[in-house]
Amino acid sequence: MTLLHLASVTRTVLPPDQPALTILNGVDLDVEEDDRISVVGRSGSGKSTLLNLLGLLDTPTSGVLEFAGRPVKDYSSGERDRVRGREIGFVFQQFNLLPGRTALENVIMPLLYAEGRQFWRRRAIAAEMLEEVGLGHRLESLPDRLSGGEQQRVAIARSLVRGPRLILADEPTGALDLDTGQSVMELIDEVAARTNAALVVITHDPAIAERSRDHYRLDHGVLTRVGAGVGANASSAAGAGAEAVAGADAGAGAA
Ligand SMILES: Nc1ncnc2c1ncn2[C@@H]1O[C@H](COP(=O)(O)OP(=O)(O)OP(=O)(O)O)[C@@H](O)[C@H]1O
Ligand SMILES: [Mg+2]
């Protein structure tokens, strides 16, 4: 099933007293249920802007954006919030943990918006999730008593605790040293695989991009598929080149 469908998506902003700035230009992308996608690009190329669209935090200026087959513009803002909360997990470079709350309380937070069993069992579910990311012994620790890698593990537990269908990671290892970054990336891959979630990782790091199955580059707002990483299987590697060319063409005209 196609989770996200983007066709000819543009995002333009109007800074005060300046000409319109086109941040994304003719972006075509499909994210399927078990996809592993990476997007690399220079600073300012539009990566976070793209991620905000994929995460239903923002809407395109023009073009089509569909989540689970339904145009995002047809969702009310309440529906968008609910879909985002239930179906999408975000992992950011800066872990964005609540400083005065323990690891457990941070991971419980998204479950406060859940219903039924997930809500009533929230403490146990959050504790299990922290156990799973290797922090079962740090449930009561405050973020400032945890290392960067541990904080990112808490953030990962928090973003995945409701079992999202889509995981969006924006430079998830950007604030970590090489080894810690690698183990955090392995953790994200592992949880995505176990829960059958799709994964889109935005990164500057070519080694991380290599891990993914489909590998894209964003350059001045134009998204191009550059190939398959080591995680590629035969079916996803075939036939995707044509889409990338179409995406680059669509972008060129409006620049
Ligand atoms: N609301 C806005 N108004 C004006 N300019 C914006 C706005 N949002 C983003 N930009 C500009 O659009 C460009 C792309 O921004 P974006 O944050 O998507 O880049 P990025 O690829 O994530 O960069 P980085 O790697 O540094 O995080 C940047 O030049 C940024 O300054
Ligand atoms: Mg960014």
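For the ligand shell I took a residue as near when its C-beta atom, placed from the backbone, lies within 6 Å of the molecule. For the elements I took helices and strands as DSSP runs, numbered from the N terminus. The model is predicted.

Ligand shell. I looked up which elements each supply at least two residues of the shell around ligand 1. They are strand 2 (21-32) and helix 1 (47-54). Helix 1 gives the largest share, three residues. Among the residues surrounding ligand 1 I noted Gly41, Ser43, Gly44, Ser45, Gly46, Lys47, Ser48 and Thr49. Val13, Pro15, Leu21 and Ile23 are also in the shell. I sorted the shell by class and found seven polar, four nonpolar and one charged residues.

Helix 6. I checked the length of helix 6 (residues 148-160) first. At 1.5 Å a residue its 13 residues should span 18 Å, and the end C-alpha atoms are 18 Å apart, so the two agree. Next I looked up burial: eleven of the 13 residues are buried, so helix 6 is largely enclosed by the rest of the structure. The buried residues include Glu150, Arg153, Arg158 and Leu160. Their cover includes strand 6 (88-92), helix 3 (103-108), helix 5 (122-132), strand 7 (166-170) and helix 7 (178-194).

Core. The largest nonpolar core has 63 residues, and Ile167 and Ile188 touch the most other members. Helix 7 supplies the largest share of this core, six residues. I then listed the contacts of Ile167, leaving aside neighbours within four places in sequence: Gly89, Val91, Leu160, Ile188, Ala192, Ala197 and Leu199. Leu160 in that list is also one of the buried residues of helix 6.

Methods:
Residues numbered from 1 in each chain as written. Chains lettered and ligands numbered in written order. Predicted model: local features only at pLDDT ≥ 70, side-chain atom pairs only at ≥ 80, totals over all residues. Helix = DSSP H or I, 4+ residues; strand = E, 2+ residues; numbered from the N terminus. Expected span 1.5 Å × (residues − 1). Buried ≥ 20, exposed ≤ 12 C-beta atoms within 10 Å, placed from the backbone. Contact = placed C-beta atoms within 7 Å. Core = buried A, V, L, I, M, F, W, Y, C linked by C-beta atoms within 7 Å. Nonpolar A, V, L, I, M, F, W, Y, C, P; charged D, E, K, R; others polar.
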